[in-house]
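Q: Could you show me how to read the contacts and the core of a protein model, taking one feature at a time?

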Amino acid sequence: MKNIKQHHGDKLGKPRLLILGCGDVGLRLLELLQHRFRVLAVTSQPSRCAELRAAGAIPLVADLDQPATLARLARLAQIVVHLAPPHSAGEKDQRTRNLAAILPERATLVYISTTGVYGDCDGALITETQTLQPHNGRARRRVDAEQVLRGWARRRSGRLAILRVPGIYAANRLPLERLRKGTPALVAEDDVYTNHIHADDLARVIAAALFKAAPLRVYHASDDSQLKMAEYFDLVAKAFDFPPPPRLPRAELEKVVSPMLLSFMSESRRLQNQRIKQELGVRLHYPDVQTALRAMIATGENVEQRE
């Protein structure tokens, strides 16, 4: 956050940055920051060490589900990015609880949460002060993680920023398989507003938060799109020559989609994103989905089939 100092720098003088959950977004962040930091990337899979090393990180094998493996991380870095998701069950995020137990005093931490913590807002445009009303276990685990990290920050004089993130997309993160299968979407009168951020822009928001975020501040890491869910699928389908998904009323759609997919189709909100622009100084490379899709087509970017 503001005025990051050379905490625990290596012999080259770079401060150390610890990334937990260094997947797709973490690798994009690594590319942005490796010239400024000595990046330590935590993985629970030894098979990923070569990939992380090739990307410019120092890989560390540790497991947020195994507290004994985390002790060695306690004093390695004063600057931490927490991208690791919670377990897929339960009401609490034990992984974040295990991490908070070893975070050093006065550390800087950016936590990537979810906008699902707000629950259904009936399509309203909301700010970061909106009351939290998580409607499912996935969102309640994220609320738990936020509360645990706030407690750590207050007890240990930590500098915490929380980024609440909507649907992440990129060329390798498009719903092409869903379109290929013809999975239905909701009819317009039943449809919900959904929010988006390109993975590259999310990495840039995280990087900005490390330097400019105010302590204990929440930010919506979201673009400017104001799309309903079926409109998003239509845009992707048109861009890559797929037929648009069929439409069903909610009562019929509930019978044919998975409970998880239905949960995403049951919450509607629009996100105000002025804080990332005004406080973090972020200029989105992809201010909306349409801009990103045009860029993918114009550059011939390799599109992989991943939800």
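**Reading contacts and cores**

A: Let us begin with one residue in this predicted model: leaving aside residues up to four places away in sequence, Arg 217 touches Leu 160, Ala 161, Ile 162, Arg 275 and Glu 279.

Q: Which side chain makes a polar contact with the side chain of Arg 217?

A: That partner is Glu 279, whose side chain makes a polar contact with the side chain of Arg 217 at 2.6 Å. Arg 217 itself lies in strand S12, which covers residues 217-220.

Q: Is Arg 217 buried, partly exposed or exposed?

A: Buried means under 20% relative accessible area and exposed means over 50%, so Arg 217, at 27% relative accessibility, counts as partly exposed.

Q: Where should I look for a nonpolar core, and which residues touch the most other members?

A: The general idea is that, in soluble globular proteins, nonpolar side chains tend to be buried together. Here the largest nonpolar core has 38 residues, of which Leu 17, Val 81, Leu 163, Ile 206 and Leu 280 touch the most other members. Among the elements that give two or more residues to this core are strand S1 (16-20), helix H1 (24-33) and helix H6 (199-212), and H6 gives the most, with nine residues.

Q: What does Val 81 touch?

A: Not counting residues up to four places away in sequence, Val 81 touches several residues, including Leu 17, Leu 29, Val 110, Ile 112 and Ile 206. There is also a second, separate core of 28 residues, which includes Leu 60, Ala 62, Leu 99 and Ala 107.

Note on methods: Residues numbered from 1 in each chain as written. Predicted model: local features only at pLDDT ≥ 70, side-chain atom pairs only at ≥ 80, totals over all residues. Heavy atoms only, no water. Core = buried A, V, L, I, M, F, W, Y, C linked by side-chain atoms within 4.5 Å. Buried < 20%, exposed > 50% of the residue type's maximum accessible area, 1.4 Å probe, protein only. Helix = DSSP H or I, 4+ residues; strand = E, 2+ residues; numbered from the N terminus. Contact = heavy atoms within 4.5 Å. Polar contact = N/O pair within 3.5 Å; in protein donor to acceptor, adjacent residues only side chain to side chain.
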